[in-house]
Amino acid sequence: MTRIAALVVSLVSIVVLASCATAKSPPAAPPHLRFQIDEGRNINSFLREGAVAAHLLLRSGTDPRILVAFPAGNSGVGLWFNKSDRPVEWTLSQSPTGVNDKDAQGRPLHGIEAEVSVDTGTLNIHEAVLSSVRVLRDYQTLGTVPDGIASAPSVTGNRIVWARSRLDGAPGYRLSIEALDGAQVSKEAITSADGKLRLKVVALTGETPLTPIDNTSLLTATAARDARARDVLTFLSYREKYLAGSWRFDTYFGRDTMMSLTLLTPVLQHLAIESGIGSVLTRLAPNGEVAHEEDIGEFAVLRNSKEGRGAVDTPIYDYGMIDDDFMLAPLTASWLLDNDGRSRAAKFFAEKNAAGQRRGDALVKNLIWIVERTAAFASDPKPANLVGLKEDRMTGQWRDSEEGLGRGRYAYDVNAVFVPAALEAIDRLVKSGLIDAYLSDTQRRTLQKARDQHDVWSRRAPPMFVVTVPAKQAQDQVAAYAVAIGVDPREPLATLDSGLRGQSLTFNALSLDGNGKPIPIMHSDDGFALLFTQPTPAQLQRSIDAIMRPFPAGLMTPVGLLVANPAFTDRATQSRFGNDAYHGTVVWSWQQAVLAAGLSRQLARTDLSAELRSRLRIAKAQLWKAIDATNALRSSELWSWSFASGQYRPEAFGQHNTHADESNAAQLWSTVFLSFQNGEWRGAQPAK
């Protein structure tokens with residue numbers, strides 16, 4: 001996957017960085033956190049202890065590696081070995097313990113020490129990379145590193161060490177591998193005569209530690225007792241920001257933060273919610289757009305140098321996404337008006353962020369931007385006035401791989417769900433009086449347009465995405481697609497036939513192309529509509545039918561809800577949406593939670609027929625059966641599947657060479673099941 005975007009430097013970031021750089025001592029130590037997740041060929045061991053937060057990954061197979069990612073500065077160290085003739089297997093002999101050391105100049109370093117073993121007598125060293133996780137991520141994908149990053153090792157006895165300062169001269173990184181039991185070390189290999197190796201690994205970073213949100217300030221007593229999800233959420237939660245996922249996204253992502261908070265708000269303490277919303281407000285663009293991602297630490301140094309600003313670590317924020325801009329208002333309104341946050345509003349909005357701006361003023365900038373950005377469609381509701389991807393981009397919302405939207409320009413979720421939801425939330429916030437102190441008369445008049453604009457968007461945008469396929473054509477396409485991908489079509493075809501009864505198949509397109517034509521890919525983003533809006537009974541029925549039919553007639557499989565189904569597209573598109581594609585026919589954990597929460601919310605309505613309510617309850621039971629069947633993967637980013645002997649089997653994503661990328665074992669928005677109890681989302685309530 002790529003997260004490439006047009007990047008701009010925010011003046012706010014200078015102050016944010018300065019406040020971090022001048023920290024004189026590490027944050028107060030929270031309770032120790034230690035846990036392990038074994039997934040596919042990866043052993044993932046996590047530690048948070050005092051000033052140390054680290055994720056050790058051991059990769060088994062024919063492409064072995066050792067990697068340690070640090071939330072501090074989104075930094076990491078990794079050691080890649082040459083491909084082996086046979087698969088090798090790592091064992092974590094001693095779990096990581098915290099290490100606090102100093103570099104050659106006496107500056108503090110924080111990291112881990114662990115003991116590992118592997119069932120081979122030879123590991124040939126390919127490359128060590130010490131830098132930003134972004135650099136390690138690119139190296140894993142492309143096999144190259146930027147100029148100045150490479151570090152020559154030194155060997156002393158049975159120990160090999162890579163160490164260097166950051167490119168701007170700041171404290172950097174160190175990786176030490178010590179061979180035990182008489183094994184030998186050179187710059188090219190680690191060898192042992194007895195066919196196995198035992199190694200001591202020490203990995204350190206000089207980046208400034210973050211401030212953890214400890215267990216006493218994170219979840220309320222109503223959160224689910226899911227130990228793994230609690231551990232993952234705790235590891236990813238800090239006062240400065242939430243991390244999107246580890247190892248690959250150990251830093252701020254606006255969308256991930258807001259969607260996670262949206263689902264977790266009913267079980268989060270106020271400090272945890274305020275930290276997350278505050279992190280988003282701090283990183284807003286001057287015009288009010290939400291930052292998608294941040295370049296910090298050495299990755300910021302690299303980009304600033306390349307773009308002519310010198311070797312400085314001023315953070316660079318990416319504002320290229322179009323969905324996150326419309327998530328802040330619904331999240332804020334939900335917390336303040338639906339989840340007992342009203343009493344906190346005055347103090348929260350009055351507090352200033354690192355740039356000296358009041359949070360209330362920052363929020364109003366975003367709200368004004370939303371109303372102004374959506375005015376054209378409200379005035380003239382045609383496809384060209386929808387919210388489209390930014391120029392020269394193929395990505396712009398959560399399906400942010402190059403093929404994620406089927407090469408469309410106008411995303412269903414943004415236009416049919418998030419824009420109406422944001423306008424509705426703005427209207428609620430204005431009427432609540434909670435932001436009165438931050439509104440001029442002109443701004444108030446602008447925001448008061450939100451209600452009328454919402455009415456136009458909610459009526460006119462969703463129908464533009466409706467796809468209609470004649471019954472016979474739909475059956476033929478499902479049958480052909482099933483044969484092409486090697487799955488049994490009998491149950492899906494039978495379900496499709498009984499459901500259609502000769503009528504046309506209808507579903508919501510994933511996106512529209514540049515001419516406003518629907519891209520006929522079924523998708524899980526209908527779950528957003530159930531969670532954020534109040535669909536008509538007909539819209540609700542259409543969404544549920546499309547989602548809950550068995551794949552490849554719909555999206556449901558025994559191993560989870562797929563996020564896409566390209567059965568009704570051409571063969572070329574189908575090939576780009578396979579179960580090896582990052583946003584193809586794969587399962588994303590949090591998308592199942594979105595649908596589960598949406599079903600709970602719709603069932604809280606009182607205006608639905610008994611028949612439709614029964615259909616919703618059946619869908620909910622089917623969904624939870626699939627969710628429970630893959631509980632071991634629930635905290636992961638996503639997973640794939642295989643089909644053999646008439647059965648679907650879940651497979652960790654990234655475990656095959658054909659997979660587009662590697663899944664995070666710890667993903668922020670995959671922890672949102674903590675807000676469910678006995679299949680019910682604790683935030684379930686109908687639209688206001």
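This is a predicted model: local features need pLDDT of at least 70, side-chain atom pairs count only at pLDDT 80 or more; totals for chains, interfaces and linings use all residues.
**View 1. Helices H12 and H14 packed against each other.** Here we're looking at H12 (residues 412–432) and H14 (residues 450–460), with axes that come within 8 Å and cross at roughly 160 degrees. H12 and H14 are therefore roughly antiparallel to each other, and their crossing is left-handed. On the H12 side, the contact is made by Asn415, Val419, Pro420, Leu423, Glu424, Ile426 and Asp427. H14 answers with Ala450, Arg451, Gln453, His454, Trp457 and Ser458. Sort the contact of H12 with H14 by class and you get six nonpolar, four polar and three charged residues.

**View 2. Helix H5 alongside helix H6.** H5 covers residues 254–264 and H6 covers residues 270–282; they pack at an angle of about 150 degrees, with their axes 10 Å apart. That angle makes H5 roughly antiparallel to H6. The crossing of H5 past H6 is left-handed.

**View 3. The largest cavity and its lining.** Searching the whole structure turns up three cavities of 30 Å³ or more, and the largest has a volume of about 100 Å³. Its lining consists of 15 residues. Nearest the centre of this cavity lie Ala51, Val52, Ala53, Ala72 and Pro209. By class, the lining has ten nonpolar, three polar and two charged residues.

View 4. Most peptide bonds are trans. Trp247 sits in the loop between strand E16 (245–246) and H5. You'll find Pro552 in the loop between helix H18 (537–548) and strand E25 (556–557).

**View 5. Asp181 and its positive phi.** Most residues other than glycine have a negative phi. Asp181 is no glycine, yet its phi is positive, near 60 degrees. Look for Asp181 in the loop that runs between strand E12 (173–179) and strand E13 (184–185).

Technical notes. Residues are numbered from 1 along each chain as its sequence is written. Side-chain values use heavy atoms; hydrogens and water are left out. On a 1 Å grid over the protein atoms alone, a cavity is a set of points where a 1.4 Å probe fits but cannot get out, and a pocket is an open set with protein on both sides within 12 Å along at least five of seven lines; lining residues have an atom within 4 Å of a point. Grid points are joined across faces, edges and corners, and a volume is the space filled by probe spheres set on the points. Ala, Val, Leu, Ile, Met, Phe, Trp, Tyr, Cys and Pro count as nonpolar, Asp, Glu, Lys and Arg as charged, and the others, Gly among them, as polar. Axes are lines fitted to C-alpha atoms, for helices over the stretch in contact, and angles run from 0 to 180 degrees between N-to-C directions. Helices (H or I, at least four residues) and strands (E, at least two) are DSSP runs, numbered from the N terminus. Angles under 35 degrees count as roughly parallel, over 145 as roughly antiparallel, 65 to 115 as roughly perpendicular and the rest as oblique. A crossing is left-handed if the near helix is turned anticlockwise from the far one by less than a right angle, and right-handed if clockwise. Contact means heavy atoms within 4.5 Å.
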